[in-house]
Amino acid sequence: MPDIDWIDGADLCTSVWGILSGSVQPGNDIVIYDGSGRHPAPHCAEYCAMAGKSVKLVGRDGFLAAELTYVERVSWKSKLYEKEVPTRFDHRLVRAERRDNRVVGIFVNELTQKEIELFCDQLVVEHGTIPEDEVFQGLRAASINDGVTDIDALLAGSAQISSGRRQEARFELHRIGDAVASRNIQSAVLDAFRLCRML
Ligand SMILES: Cc1cc2nc3c(=O)[nH]c(=O)nc-3n(C[C@H](O)[C@H](O)[C@H](O)COP(=O)(O)OP(=O)(O)OC[C@H]3O[C@@H](n4cnc5c(N)ncnc54)[C@H](O)[C@@H]3O)c2cc1C
């Protein structure tokens, strides 16, 4: 699920997932905050701009798509330049407020600590995801390994070592991909490959 509950004023914010999944309609005057430096924020900015909305993108990093490869970054930069989306970097979202029927995003400059306020009718936030782990936690006690992956075995390309653990149990339990931490498709595939190639 989107990781936005930490924001002071989270109830005034919309997640990029809400917009891109179509469950929330884009507003007319949108500020998108990019707190991950990955695909979702520029993706959302492009989507809203293509829908004819006024969009600004504010990023915590010093430049766009900082967590992506050079080629991916150039691609997103080109798209946002084409759509004439204004960008502002080095600014971290600290809170959201409602004033005069508008939403105000309050951002702090990471270098000067100076605050700025941006008014909009929709503040869209990208800050990665947090795993919904009820099923995982519920299964741990019934698993051979208590849901703990043997990292040494994983890195060595060996089978998971289950001796000394619950031998009466019928299955091992592991987390992969975004169930470990909010990352990308390659990480999820690599996690799965490392575990499954030794089955
Ligand atoms: C807008 C956006 C754009 C992105 N663009 C990129 C990109 O271009 N490149 C990239 O590498 N990454 C991108 N990412 C990140 C990428 O989508 C994730 O890192 C990746 O999908 C994680 O894979 P996963 O298999 O761990 O989880 P997921 O892809 O989320 O798969 C988990 C699956 O489990 C299902 N599920 C959950 N709970 C249950 C349950 N109890 N029972 C049964 N099924 C369940 C879910 O419905 C889902 O289908 C993007 C993310 C977003 C939000």
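Helices and strands here are DSSP runs, numbered from the N terminus, and a helix is a run of at least four residues. With that in hand, let us tour this predicted model.

Figure 1. Helix α3 covers residues 70-82.

Figure 2. Starting at the N terminus, their order is β-α-β-α-β-α-β-β-β-β-β-α-α-α. The radius of gyration is 21 Å, well over the 16 Å that the globule rule gives for 199 residues, so the protein is more spread out than a compact globule. Along its principal axes, the C-alpha trace spans about 65 × 35 × 35 Å. Of the 199 residues, 25% are buried.

Figure 3. Domain 1 takes in residues 10-126, and domain 2 takes in residues 134-196. Their C-alpha centres lie 35 Å apart. For another sense of scale, pick out Pro26 and Asn145: these two are 119 residues apart in sequence, and their C-alpha atoms are 45 Å apart in space.

**Figure 4. The open sheet of five strands.** Follow the strands across the sheet in the order β1-β8-β2-β3-β4; their pairing is parallel. Which strands sit at the edges? They are β1 (13-15) and β4 (87-88), each of which pairs on one side only. Within the sheet, β2 (residues 29-34) and β3 (residues 54-59) run parallel and are joined by six bridges. To find one partner pair, look for Tyr33, whose bridge partner in β3 is Val58.

**Figure 5. Pro26, in a loop.** Between α1 and β2 there is a loop, and Pro26 is found in it. Is Pro26 buried or exposed? Pro26 is buried, because 23 other C-beta atoms lie within 10 Å and the cut-off for a buried residue is 20 or more.

Figure 6. Strand β5 (residues 91-99) and strand β6 (residues 102-109) run antiparallel, with eight bridges between them. Here Arg95 stands opposite Ile106, and Ala96 stands opposite Gly105. The hairpin of β5 and β6 has two residues between its strands, and Asp100 in the turn has a positive phi of about 50 degrees. On to the next pair: six bridges join β6 to β7 (residues 115-120), and these strands are antiparallel too. Gly105 turns up again here, standing opposite Leu118 in β7. The hairpin of β6 and β7 has five residues between the strands, and Gln113 takes a positive phi near 65 degrees.

**Figure 7. The shell around the ligand.** How many residues surround the ligand? There are 15, and the closest are His39, Gly177, Asn184, Ile185 and Ala188. Helices α1 (16-20), α2 (40-50) and α6 (185-196) are the elements that each give two or more residues to this shell. Sorted by class, the shell has eight nonpolar, five polar and two charged residues. Both domains take part: domain 1 (10-126) and domain 2 (134-196) each supply at least three residues.

Conventions: Residues are numbered from 1 along each chain as its sequence is written. This is a predicted model: local features need pLDDT of at least 70, side-chain atom pairs count only at pLDDT 80 or more; totals for chains, interfaces and linings use all residues. Two strands pair if DSSP finds at least two bridges between them. A residue is near a molecule or strand if its C-beta atom, placed from the backbone, lies within 6 Å of it. Ala, Val, Leu, Ile, Met, Phe, Trp, Tyr, Cys and Pro count as nonpolar, Asp, Glu, Lys and Arg as charged, and the others, Gly among them, as polar. Domain bounds come from an automatic or database domain assignment. The expected span of a helix is 1.5 Å times one less than its number of residues. The radius of gyration is taken over C-alpha atoms; the globule rule is 2.2 Å times the number of residues to the power 0.38. A residue is buried if 20 or more other C-beta atoms lie within 10 Å of its own, exposed if 12 or fewer, and partly exposed in between; C-beta atoms are placed from the backbone.
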